[in-house]
Amino acid sequence: MGNFKLPRLLLAGLIFFIIVMILSPDMTGALNGYFMVIIERSLIFVILAISLNLINGITGQFSLGHMGFAAVGAYVSGTFTSIWFKLNPHTLSHYPVFMICIVIGGLGAAVVGFLIGFPSLRLKGDYLAIVTLGFGEIIRTILNNIDYVGGPRGLLGIPMFSKFPIIMLFAFLTVVILRNLVQSSHGRAMLSIRENELASELCGVDTVRYKVMGFVIGAFFAGIAGGLLAHLLTLAHPTQYGFLPSALVLIMVYAGGMGSLTGSVLAAFTLTFLTEGLRVGIDALPEFTIASQTYKIGTEWTMVIYAILLILIMLFKTEGIMGMRESRILIIEEKK
Amino acid sequence: MSALLSIQGMSHYFGGLKAVSNFTFDVPEGVIYGLIGPNGSGKTTTFNLITGIYTPTEGKVLFEGRDITGQKPFRIVQGGVARTFQNLRIFGNLSVIDNIRVARHFTVKSGLFTSLLRLPSFKQEEEVVREEAMQLIKMMHLEDRAFDQAKNLPYGALRRLEIARALATKPKLVLLDEPAAGMNPKETDDLMGLIRQVRDDFKVTVFLIEHHMKLVMNVCERVKVIDFGETIA
Ligand SMILES: Nc1ncnc2c1ncn2[C@@H]1O[C@H](COP(=O)(O)OP(=O)(O)O)[C@@H](O)[C@H]1O
Ligand SMILES: [Mg+2]
């Protein structure tokens, strides 16, 4: 017993958690509330990016509507906490209920993921890309038209439950679970599909089953992330989940490295901070006048910058930050 | 009735091209069986038909007396038929040992949740899988490269890795599609020894395709010759 060692990943998570807690406004206040929100957003995007990486990077499929599942998670969990249970973030005993609602939101997203994934993944070809692209738009239209959840105004008054420790816990568990998945026989089956689908089938892998499994698990975690985001922003709005936000998550996966969970974690942080930086930067740009018309560059230009970034990544076939490598923190040692 | 694999009146067309014409033959259990014929004579197509990649236009495939015609490839593999490919299909970004472990995954009992939580039963089973994979790696003389990415291995080693991967599915019948393709004479000689060893150690039936007469004549106990989709001998 004497030589018990804290697993590296747990240690890394704890160190990050403690440092942020010490710097947070509640303790030393070195980080202001605005900074904390960016860190919290980054952690939510960690969940989104690694769960999309499971689908696109590890199983080798191509999903374009990841935020659609976040929408399902946000609206389902938001409906439970705000309309049905009327939970209050100042009551400590409501937190476990809140966490169950988040998981229910994830399960809702997983069910939708199955309904979309099963028919399109059975077919050979790029049906998944087309279907998921349409799905993102369909879900927006549906949400716009359901008055019960606010219609085009969005679902307002969602209680502010997504405190840093809670988001940290969910993000950490997602990383652990997906790491364990990849380093198991089920994960190896998924990886083999990416590597060579025919050979995978001829190693006895039920490729349709594993593609659907990867997709549904990815949708589940996207739903979790969507729920956390809604309870951080205290609202869920149909426009938050369209194609552009999905593209941002996709860029994170590419920029981090397809198939590398480590890369997705790093890219989620980098690009969330960059997005904020660009937003502040563009906002600060002066208005300019051409031919007596005044122009102001809007923050929607951040997406243009990202689109260019994505094209550059594809053009130069860069492998992203990590390629397919993992940090040692995310590898379960095997004796050699 | 002792035929492990029985092909009955099997034909296959690609559009108007008749790639396989009315094949009928039995592969008895325990032999090393050879199918030879020039390029384009329908050998690989025959393997694709047996393993379910294509469904024959006409005829049947029986394995252990069961009709497996038209079944999905993964079911046929799980039923005991494994194969290698003429043009290597390696999982290049995975390690050598993981290439082999993929082929072992459907015999693993640990469910998704047991695996995600890394429960003790999962770890025990992983240990068994690992041991067995290591044995195959040693048999194929790949132990120095066990944890390297497969794509970095030399060509001859990749051919052996594909055979190891096929054996990891615990097959009764192994189909080898031109196993000596691209090998030099020394490597080909070693390969012949290896094929015999595989048959003897794993008690499997070997069915191989070649267009090199020498290998087939040396190692095969039964030989069938085809040309342009037609049976010659
Ligand atoms: N998927 C396919 N589509 C069309 N024609 C094919 C296909 N696969 C093989 N063929 C044709 O079938 C014939 C037999 O091919 P193949 O079985 O690969 O021959 P072998 O393995 O004996 O060299 C060839 O004429 C080849 O061009
Ligand atoms: Mg061939």
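An oxygen atom of ligand 1 sits 2.7 Å from a polar backbone atom of B:Gly40. This is a polar contact (a pair of N or O atoms within 3.5 Å; within protein, one must be able to donate a hydrogen and the other to accept it, and residues adjacent in sequence count only if both atoms are side-chain atoms). An oxygen atom of ligand 1 is also 2.7 Å from an N or O atom in the side chain of B:Thr44. B:Tyr54 contributes a polar side-chain atom, 2.9 Å from a nitrogen atom of ligand 1. On its own, ligand 1 has 560 Å² of accessible area, and the protein covers 62% of that. Accessible areas here come from the Shrake-Rupley method with a 1.4 Å probe; for residues, only the protein chains shown count as cover.

A word on the basis of these values. The model is predicted: local features need pLDDT of at least 70, side-chain atom pairs count only at pLDDT 80 or more, and totals for chains, interfaces and linings use all residues. Residues are numbered from 1 along each chain as its sequence is written, chains are lettered from A and ligands numbered from 1 in the order in which they are written, and side-chain values use heavy atoms, with hydrogens and water left out.

The residues around ligand 1 (a heavy atom within 4 Å) include B:Phe14, B:Leu17, B:Pro38, B:Lys43 and B:Thr45. By class, the shell holds five nonpolar residues, six polar and one charged. Ala, Val, Leu, Ile, Met, Phe, Trp, Tyr, Cys and Pro count as nonpolar, Asp, Glu, Lys and Arg as charged, and the others, Gly among them, as polar. H1(B) gives the largest share, three residues. Helices (H or I, at least four residues) and strands (E, at least two) are DSSP runs, numbered from the N terminus.

Stay on that helix. B:Thr45 belongs to helix H1 of chain B. B:Thr45 is buried, at 12% relative accessible area; buried means under 20%, exposed over 50%, and partly exposed in between (1.4 Å probe, protein chains only). Beyond its neighbours within four places in sequence, B:Thr45 is in contact with B:His12, B:Phe14, B:Ala19, B:Val20 and B:Tyr54. Contact means heavy atoms within 4.5 Å.

B:Thr46 is in helix H1 of chain B too. Its relative accessible area is 0%, so it counts as buried. The B:Thr46 side chain reaches the backbone oxygen of B:Gly42 at 2.7 Å. Outside four places in sequence, its contacts are B:Met10, B:Val20, B:Phe23, B:Phe25 and B:Leu35.

Next, the interface. In chain B, 34 residues are in contact with 31 residues of chain A. The two chains bury about 3,000 Å² between them, 63% of it on carbon and sulfur atoms. Buried area is the accessible area (1.4 Å probe) that two parts lose on being put together, summed over both. On the chain B side, B:Phe74, B:His105 and B:Leu116 lose the most area to chain A, together 20% of what that side buries.

Last, some single residues. A:Leu14 lies in helix H1 (residues 8–23) of chain A and is partly exposed at 37% relative accessible area. A:Leu14 and A:Met168 are 154 residues apart in sequence, yet 9.8 Å apart C-alpha to C-alpha. A:Lys86 is in the loop between helix H3 (66–84) and helix H4 (94–122) of chain A. A:Lys86 is not a glycine, but its phi is positive, about 45°. At 60% relative accessibility, A:Lys86 is exposed.
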